[in-house]
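We will go stop by stop.

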Amino acid sequence: MAITSANQLELLQTAEAVAREKMIDPGLVVEAMEESLARAAKSRYGAEMDIRVSIDRKTGRATFTRIRTVVEDEELENYQAELTVAQAKQYMADPQVGDEIVDEIPPVELGRIAAQSAKQVILQKVREAERDRQYDEFIDRKGTIINGVVKREEYGNVIVDIGRGEGVLRRNEKIGRESYRPNDRVRCFIKDVRREARGPQIFLSRTAPEFMAELFKMEVPEIYDGIIEIKAVARDPGSRAKIAVVSNDGSIDPVGACVGMRGSRVQAVVNELQGEKIDIIPWNEDMPTFLVNALQPAEVSKVVLDEDAERIEVVVPDEQLSLAIGRRGQNVRLASQLTALDIDIMTESDDSARRQKEFEERTQLFMDTLDLDEFFAQLLVSEGFTNLEEVAYVEVDELLVIDGVDESTAEELQARARDYLEAQNAKSLDAARALGVDEGLVEFDGLSPQMVEALANDGVLTLEDFATCADWELAGGWTTVDGQRVKDDGILEKFDVSLAEAQDLVMTARVMLGWVDPEELVGDSAEETETEESEAEE
């Protein structure tokens, strides 16, 4: 087939027909045609040549050109597509490296094999363009709800027709024991869109927490308008869910707006989720208050928050324990997901027993170390003293408030506490030195003798060793392994050293050793302060 005036317009007509059918840009089809004609020309004139084809978008005329690039003498490799500066002088007056010489060449006649090859190139380009269009369309809809029609079920996975593509609703993304038949209508959440060789893969979900959030956005106009904000969602798909909401308008009750008149709004969501019970909870910036709300319907007596460990301890009345935990731990599990904290629940009797045990341990500590009788030691504990350091270095006035303690008794107590602590410090230093600890680490400000001993027992013997430690190695932390949070014990964790304090100690050691420029630290802290201030202003 020769590219003659008789079939030039036919090229454009074919391109437009294919583009309409596949709903892609006609220009992409024309580019595919240009590439296929160029490939056919190379098979006729030589594969090493740089041959390009340009099809006029109005007339359909195909122009074949050969391109030769001017290169340095030593870089000349392809004689068909390159030439030296000296060789180029016969074609142009002042050739420069990088210049291109363009010659028009006669059109080629497409033989049967070349025409078939051209057709394959065009089809491939059209398929790629169709996939790109499909990917671009659905990647923009990721994170939204889509309605589709069930086409078939394969090994428990449901293939859903979602208009210009197909989505996959995997077995583990279905609610409970949901089953679908062909032509059933289904509403899903577009969880992910991936670009793959066989075309975009669209993954759907009905169990994602975001699915419920989007359903509420559709049912509650205040959420769609931004007056009410969904702060967190936790689901046990098909069984129970908790959703935390907050109102940006003080006159609107966020919980009441989500429930709707006679529960109409929340009931619409419940029906879509196969009867999943939904607890709508008011969100609060104060984490303990938010947790008390999240554990509803159980009542909470006391909450203790450990922000460093991301754990929270909750005390409930004895009769409320089963309600707080929920069936198979469901209530506390959902509350934990909602607050992003690990929750420990105990009854009031357990809490009382634990506090009694702590009271007895502290009483025994003061009896053993300060040579006190049980009654006097209990007085100290009752006044809030928990360790020897507090007794030794507290203001005398704080000891005088204890019944029966005068100034001389207070001074004697402090003297005993300091003598005991000094003896313990000396013992710890002797033990550390016996392990080979360097004096530079002993004299490092911020480390007590007991800390130095603990470091030495762990093989940290010099200031250089200490400076290479990570903050979590010293203060401890938490690691997620196979979905479970695992505790990492820190060398100095028993001394109540926080991550921030550990980081400051390590950075101070690095500055002392000359590993870090102190001016850089000042610059970094200033930038962090500015960032925090700007975020606060926003």
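This is a predicted model: local features need pLDDT of at least 70, side-chain atom pairs count only at pLDDT 80 or more; totals for chains, interfaces and linings use all residues.

Helices (H or I, at least four residues) and strands (E, at least two) are DSSP runs, numbered from the N terminus. Residues are numbered from 1 along each chain as its sequence is written.

**The whole protein**

Show everything as a cartoon. The protein has 22 helices and 17 strands. Buried means under 20% relative accessible area, exposed over 50%, and partly exposed in between (1.4 Å probe, protein chains only). Of the 538 residues, 38% are buried. Contact means heavy atoms within 4.5 Å. Take the contacts with a separation of 6 or more: 54% of them join residues 24 or more positions apart.

**Stop 1: helix 2**

Select residues 26–45, which form helix 2. The expected span of a helix is 1.5 Å times one less than its number of residues. Colour its buried residues; among them are Val29, Met33, Glu34, Leu37 and Ala41. Step past the end of helix 2 to Gly46, where phi is positive, near 140°.

**Stop 2: around helix 8**

Select Arg262, in the loop between helix 7 (254–259) and helix 8. Arg262 is not a glycine, yet its phi is positive, about 55°. Is Arg262 buried or exposed? At 85% relative accessibility, Arg262 counts as exposed.

Move on to Gln274, in the loop between helix 8 and strand 12. Its phi is near 60°, again a positive value in a residue other than glycine. Gln274 is partly exposed, with a relative accessible area of 48%.

Now pick Glu276, in the loop between helix 8 (264–272) and strand 12 (277–282). Glu276 is buried, at 0% relative accessible area. Which side chain does Glu276 join in a polar contact? The partner is Arg235, at 2.9 Å. A polar contact is a pair of N or O atoms within 3.5 Å; within protein, one must be able to donate a hydrogen and the other to accept it, and residues adjacent in sequence count only if both atoms are side-chain atoms. Beyond neighbours within four places in sequence, Glu276 is in contact with residues including Met212, Asp236, Pro237 and Val270.

**Stop 3: a cis bond**

Select Gln296 and Pro297. The peptide bond from Gln296 to Pro297 is cis, with omega near 10°. Pro297 sits in the loop between helix 9 (287–294) and strand 13 (302–306).

**Stop 4: helix 16**

Select residues 407–434, which form helix 16. Its 28 residues should span 40 Å at 1.5 Å a residue, and the end C-alpha atoms are 41 Å apart, which agrees. Its buried residues include Ala410, Leu413, Gln414 and Ala417. An α-helix has 3.6 residues a turn, so residues three or four places apart point the same way. The buried residues of helix 16 pack against several helices, among them helix 12 (348–370) and helix 18 (449–457). Gly436 follows helix 16, with a positive phi near 95°.

**Stop 5: the largest nonpolar core**

A nonpolar core is a set of buried Ala, Val, Leu, Ile, Met, Phe, Trp, Tyr and Cys residues joined through side-chain atoms within 4.5 Å. The largest has 26 residues, and Leu441, Leu447, Leu455, Phe466, Leu474 and Leu492 touch the most other members. Helix 18 gives the largest share of this core, five residues. A second, separate core has 24 residues, including Val220, Val233, Val269 and Ile280.

**Stop 6: an aromatic pair**

Rings of Phe, Tyr and Trp (its six-membered ring) pair if their centres lie within 6.5 Å; planes under 30 degrees apart count as stacked, over 60 as edge-to-face and the rest as tilted. The whole structure holds two aromatic pairs. Select one of them, Phe444 and Phe466: this pair is tilted, 5.6 Å centre to centre with 55° between the planes. Phe444 lies in the loop between helix 17 and helix 18 and Phe466 in helix 19, so the pair ties together parts 22 residues apart in sequence. Both Phe444 and Phe466 are buried.

Note on methods:
Side-chain values use heavy atoms; hydrogens and water are left out.
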